[in-house]
Amino acid sequence: MWDWAFTIDILPVLARAAVITVQATAIGFVIAALLGLVLASIRLSSPAAGLVVAILVELVRSTPLLIQIFFLFFVLPKVGIVLDAFTAGVLAIGLHYAAYCSEVYRAGFENVPRGQWEASIALNLSPWTTFKDIILPQALPPVVPALGNYLIALFKETPLLSAIAVVELMQRAKIIGSETFRYTEPVTLVGLFFLVMSLLSAGLVRVLDGWLSRRYG
Amino acid sequence: MTEMPMVRYENVSKRYGAFTVLDNLNLDVARGEKVSIIGPSGSGKTTVLRMLMTLESINGGTLWVDGEPMTHMSKNGRLVPADARHIRRIRAKIGMVFQSFNLFPHMTALGNCIEAPITVLGMGRKEAEERAAELLDMVGLSAKKDHYPGQLSGGQQQRVAIARALAMRPKIMLFDEVTSALDPELVGEVLQVIRRIGAEHDLTMLMVTHQMGFAKEFSDRVCFFYQGKICEQGPPAQIFGNPQNERTRQFLNAVLEAG
């Protein structure tokens, strides 16, 4: 049954691995959020380039994240691009979620009424000013909850990094398990960590959304 | 040599697929002239303004603004289609007020009025704010300058939109059914502002309107559009008092009965 002494024993080790998990989440999400915005903006500005982006997005969304991780880690070295496990894994997660985030941004852009673009033309604003000052501030606040959901989804998929031996939380739990033949405590603790962090993040996103809709709604 | 008109539509056509919205339109608007455009819906009157504001492309003909072609530019002595820079330079002379206001909802009334002067004209923030405050005062909204559009009535929003357009110091102002989205009791305050800028500013104005009383009292000339053509035009006294064309008579009768 549950061994409290063992639990206390493995906590510091798991805590260190949790830092890796949080790092992977944070860096992965920054890549996803920024690259997603860039991809959606390209689709907004040029139909030709937009088509290429649309195909790439579809490609990424229609293949499993695990395969993409393997691809970056095991296949890219064949063409001379060697990435360490953490970099390859985080990059794959970032690229994967960038595809999803770009669709979220796109919905945000489409939600901005045509009249806003027309008023910007009538005031002779440059395309860049129109995008930065008029369209983006209206497109972003409504999509914050959807982006927040992807943050949580991305966070919950970081255990996939254990497949290429990144010692994040899940990998650490597996190592502890194989060394001690005790899986109950480490796996339960990892599950609890994800549960608590997910709930916390969801709460934060809700607070942020409330603030944004009061500010911009 | 006669002075070039402020705006000239020269054989301008606009089609959507097989449907011809405007058919070989020729229309000159003199410097400082106030022209009202009336007509049944679908007659192409809003398109006349939207083409001049470059919100719609044209399928044929040439648009002239202040003596220069807007849709074309001269390159090595030949007229070629205008590039973005040329269009932006000409467009700077034109301001537009929309039926649905189209204020920027995330900016205050003042913010709406300083955005373009700062980013397009390169004006300093302080100067832009002072001028915007003057304009908001002129439209009777100095007390509302820190309000967001969502906190203003339709009439107030439309007056902010007028101030915002004027802040760019246009030579030509386009008013596209600017009172059509307003509750009846708010129409007067907006028309009052238009009257005032008509009197105080040396602006050329084109307005599409359903306010026949206002068109009669305010404009120098009224154009009646029907099926993509100017069916009849002339001074308000003629159009409203003694219309020559049967279509004009039918339209005015219908509007008067409805009103």
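This is a predicted model: local features need pLDDT of at least 70, side-chain atom pairs count only at pLDDT 80 or more; totals for chains, interfaces and linings use all residues.
Residues are numbered from 1 along each chain as its sequence is written, and chains are lettered from A in the order in which they are written.

Begin with the open sheet of 4 strands in chain B, whose order is β2-β1-β4-β5 with antiparallel pairing; strands are DSSP runs of E of at least two residues, helices runs of H or I of at least four, numbered from the N terminus, and two strands pair if DSSP finds at least two bridges between them. Select β2 (19-29) and β5 (68-69) of chain B, which stand at the edges with a single partner strand each, so one side of each has no neighbour in the sheet.

Next, select residues 60-65 of chain B, strand β4, which 2 bridges join to the antiparallel β5(B); here B:W64 stands opposite B:P69. Helix α1 (residues 45-52) of chain B packs on the sheet, touching β1 (7-16), β2 and β4 of chain B.

Now colour chain B by its domain assignment (automatic or from a database): domain 1 is 1-92 + 171-178 + 204-259, and domain 2 is 94-169. Between them, 12 residues of domain 1 of chain B are in contact (C-beta atoms, placed from the backbone, within 7 Å) with 8 residues of domain 2 of chain B. On the domain 1 side of this contact in chain B, β9(B) gives the most, with 5 residues.

Technical notes. Two residues are in contact if their C-beta atoms, placed from the backbone, lie within 7 Å. Axes are lines fitted to C-alpha atoms, for helices over the stretch in contact, and angles run from 0 to 180 degrees between N-to-C directions.
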